[in-house]
Amino acid sequence: MTFSSPEELQAAAKQHLWMHFTRMSAYNNGDIPVIVRGSGPYVYDDKGKRYLDGLAGLFVSMIGHGRTELAEAASKQASELAYFPLWSYAHPSAVQLATRLAELAPGDLNRVFFTTSGSEAVESAWKLAKQYFKLRGEPGRYKVISRDIAYHGTSMGALAVTGLAAIKGDFEPLPAGGVRVPNTNFYRAPDFVAADEETFGIWAADEIERAILREGPDSVAAVYLEPVQNSGGCFPPPPGYFQRVREICDRYGVLLVSDEVICAFGRLGYYFGSERYGYVPDIITFAKGVTSGYAPLGGMIVRDVLIEPFLTGHATFLHGITFAGHPVSSAVALANLDVFEHDNILGNVRANEDGFRATLEKLRDLPIVGDVRGAGYFYGIELVKDKGTRETFNDDESERLLRGFLSHALFDAGLVCRADDRGDPVIQLAPPLICTQEHFDEIEQILRSVLTEAWTKI
Ligand SMILES: Cc1ncc(COP(=O)(O)O)c(C=O)c1O
């Protein structure tokens with residue numbers, strides 16, 4: 001079926017397509033945005049209008065759009081071997097990619113288990129932790145600790161790890177064992193630890209220890225943490241936080257899972273976010289940027305010790321996914337990593353991240369901007385009703401501000417980003433890693449004009 005006009009395509013989209021996490025009624029009286037092509041950090045809609053992709057699609061398009069070498073790698077692999085499973089077989093692209101990822105990963109994280117998505121990676125890590133502890137003679141360890149408001153995916157297991165009550169309730173009962181601890185939102189730190197970031201970080205890390213003790217150390221399998229927590233609007237770790245968490249995990253024999261579905265592959269200027277913050281996790285979960293979105297792929301990289309019980313006798317990790325480590329996706333990931341090397345993508349982020357921060361910081365002069373936080377090419381801008389008191393918007397105001405105005409206005413002004421109120425209202429930015437000062441300026445100018453108008457509407 002082809003469509004002879006944008007109007008026909010629009011009508012068919014309204015009739016047949018179900019968009020994710022989307023209030024479909026929002027399009028009863030308006031058009032669904034249709035993006036048809038991309039080039040570098042820009043995408044274009046079906047009417048030819050250009051947008052700066054300030055969210056890299058969905059934290060995905062690291063090297064930007066339109067790189068033909070990745071398309072060629074996909075075509076070459078599909079012609080040679082389009083599909084074969086990793087169930088009892090290997091294929092060269094998956095082997096090469098696993099080897100390359102093991103080389104890039106910190107410490108002795110040398111073994112790669114592929115998936116097709118981030119949710120599957122998160123869920124695979126939980127299943128591995130459970131089976132690993134059973135094989136090791138600690139069958140009671142099944143609980144997983146994660147942070148308030150943290151998003152770790154939508155499949156039932158990943159949703160049980162996710163800390164966003166609003167997207168869980170309708171799917172209860174979820175798998176048992178999810179335990180919540182505070183996140184590292186320093187802007188909203190409780191008064192008794194708000195004096196300095198270090199004290200706050202130690203308190204937040206110690207809350208993990210308190211949760212382990214409360215639950216019973218023999219029942220806890222893993223702690224899931226993003227290097228920089230996305231949901232809630234970019235919470236970087238306070239100094240010393242991850243070092244303390246690592247100590248706590250070691251003390252109680254709990255696995256540390258670094259959920260790097262967003263933070264890996266350059267988002268923070270390193271291949272892995274854990275590298276930036278100087279800790280070695282037991283498992284890294286990844287997806288999104290590993291292919292820059294030219295094909296779907298995810299997975300987990302695990303320490304040698306975690307595969308040991310599976311290397312002898314009858315032991316088998318009882319888990320698999322048909323398309324995991326798909327040959328085409330693996331070939332695309334290899335081509336993506338080639339671009340990272342040839343174009344010095346990490347170097348670009350490291351050279352320009354201060355400029356990105358400084359440009360966004362300029363927005364602090366607006367009355368609606370309460371906080372600007374993040375790292376690398378990953379920022380959240382928290383919107384407040386009163387800067388002095390840090391008072392946030394109530395549900396009704398947030399609804400009018402974010403859904404009623406900001407989301408559309410920013411897009412209409414030519415910027416793809418995300419106005420999110422899963423925690424306090426924030427604007428999230430994660431542009432392609434090829435961006436430079438001219439793109440930061442464009443982002444700042446659009447945000448300035450739209451946020452200035454938003455203030456008049458409160
Ligand atoms: C930290 C984190 N974990 C897991 C996921 C789930 O990934 P996917 O949407 O590929 O299932 C996401 C998605 O945004 C994420 O940000």
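Helix H4 (92-104), strand S4 (109-115), strand S10 (298-303) and helix H10 (304-307) each give at least two residues to the lining of the second largest pocket. Welcome to this predicted model, where local features need pLDDT of at least 70, side-chain atom pairs count only at pLDDT 80 or more, and totals for chains, interfaces and linings use all residues. Residues are numbered from 1 along each chain as its sequence is written, and side-chain values use heavy atoms, leaving out hydrogens and water.

**The second largest pocket**
- The volume of the second largest pocket is about 820 Å³.
- Its lining counts 27 residues, with Leu-86, Arg-111, Val-112, Phe-113 and Ile-307 nearest the centre; lining residues have an atom within 4 Å of a point on a 1 Å grid.
- S4 supplies the largest share of this lining, five residues.
- Sorted by class, the lining holds 21 nonpolar, five polar and one charged residues.

**Helices H13 and H14**
- Helix H13 (residues 395-412) packs with helix H14 (residues 437-456) at an angle of about 150°, and their axes are 10 Å apart.
- H13 and H14 are therefore roughly antiparallel to each other, a term used for angles over 145 degrees.
- On the H13 side, Leu-401, Phe-405, Leu-406, Ala-409 and Leu-410 meet Ile-446, Leu-447, Val-450, Leu-451, Glu-453 and Ala-454 of H14; contact means heavy atoms within 4.5 Å.
- The residues of this contact comprise ten nonpolar, no polar and one charged.

Terms used: Axes fitted to C-alpha atoms, helices over the stretch in contact; angles between N-to-C directions. Helix = DSSP H or I, 4+ residues; strand = E, 2+ residues; numbered from the N terminus. Parallel < 35°, antiparallel > 145°, perpendicular 65-115°, else oblique. Nonpolar A, V, L, I, M, F, W, Y, C, P; charged D, E, K, R; others polar. 1 Å grid on protein atoms, 1.4 Å probe; cavity = no way out; pocket = protein on both sides within 12 Å on 5 of 7 lines; lining within 4 Å. Points joined across faces, edges and corners; volume = space filled by probe spheres on them.
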